[in-house]
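These are my notebook entries on one structure.

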Amino acid sequence: MLKNDDISNNTLISTGSSVHGDIKAVGFLRVDGDVDGNLETAGNLIVTDKARIRGNVSARSSVIGGIVLGNITSPEGVNLLATSAVIGDIATKRLQIADGVVFHGHCIALSAHEKYNAAYTQYEDKKMIQERAISSFSEQ
């Protein structure tokens, strides 16, 4: 799964560190600490068993060992390790879930590129409609 660009562009959020705000990285991203914000990388992502993320995650592929309170979008694959807990939706072409994982949300896991893209577009449209409905309701 790792490609050359992941080796030269590494980002690490170490144990004991906490970040408040969105993170956008170019290559490989590893999270051992706490993040209160969205994570986005064009490369691969590892969230270790010590990590906690409150925000949406977007990466080429993701290995999750910690806690994610948010949606995960990783077209190449998502691997949920036994120590992980995900409260949010997952969109991917390949999904692996170990025994003992806590997962609460919706999942799109389709290996065919066209079917994945169609399902993901429909999912995004549905989310946008829900967000508009909620925001217009709360404005009243």
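Before the first entry I note the terms: two strands pair if DSSP finds at least two bridges between them. Strands (E, at least two residues) and helices (H or I, at least four) are DSSP runs, numbered from the N terminus. I am working with a predicted model, in which local features need pLDDT of at least 70, side-chain atom pairs count only at pLDDT 80 or more, and totals for chains, interfaces and linings use all residues. Residues are numbered from 1 along each chain as its sequence is written, and side-chain values use heavy atoms, with hydrogens and water left out.

Entry 1, a sheet. I found an open sheet of six strands in the order S1-S4-S7-S10-S13-S16, with parallel pairing. Strands S1 (10–13) and S16 (95–97) each have a single partner strand and stand at the edges, so one side of each lacks a neighbour in the sheet. I looked up how S13 (residues 77–80) meets S16: three bridges join these parallel strands. Asn 79 stands opposite Gln 96 in S16.

Entry 2, another sheet. I traced six strands in the order S3-S6-S9-S12-S15-S18, which form an open sheet with parallel pairing. Its edges are strand S3 (23–25) and strand S18 (107–109); each has a single partner strand, so one side of each is left without a neighbour in the sheet. Strands S12 (residues 72–74) and S15 (residues 90–92) pair in the parallel sense over three bridges. Here Ile 72 stands opposite Ile 90 in S15.

How many aromatic pairs does the structure hold? I recorded two. Rings of Phe, Tyr and Trp (its six-membered ring) pair if their centres lie within 6.5 Å; planes under 30 degrees apart count as stacked, over 60 as edge-to-face and the rest as tilted. The Tyr 116 and Tyr 120 rings are stacked, because their centres are 6.0 Å apart and their planes stand at 15 degrees. Both residues lie in helix H2 (residues 113–139), four residues apart, about one turn of the helix. Ring pairs link Tyr 116, Tyr 120 and Tyr 123 into a cluster.

Buried means under 20% relative accessible area, exposed over 50%, and partly exposed in between (1.4 Å probe, protein chains only). Tyr 116 is buried at 3%, and Tyr 123 is buried at 15%. Tyr 120 is partly exposed at 22%.
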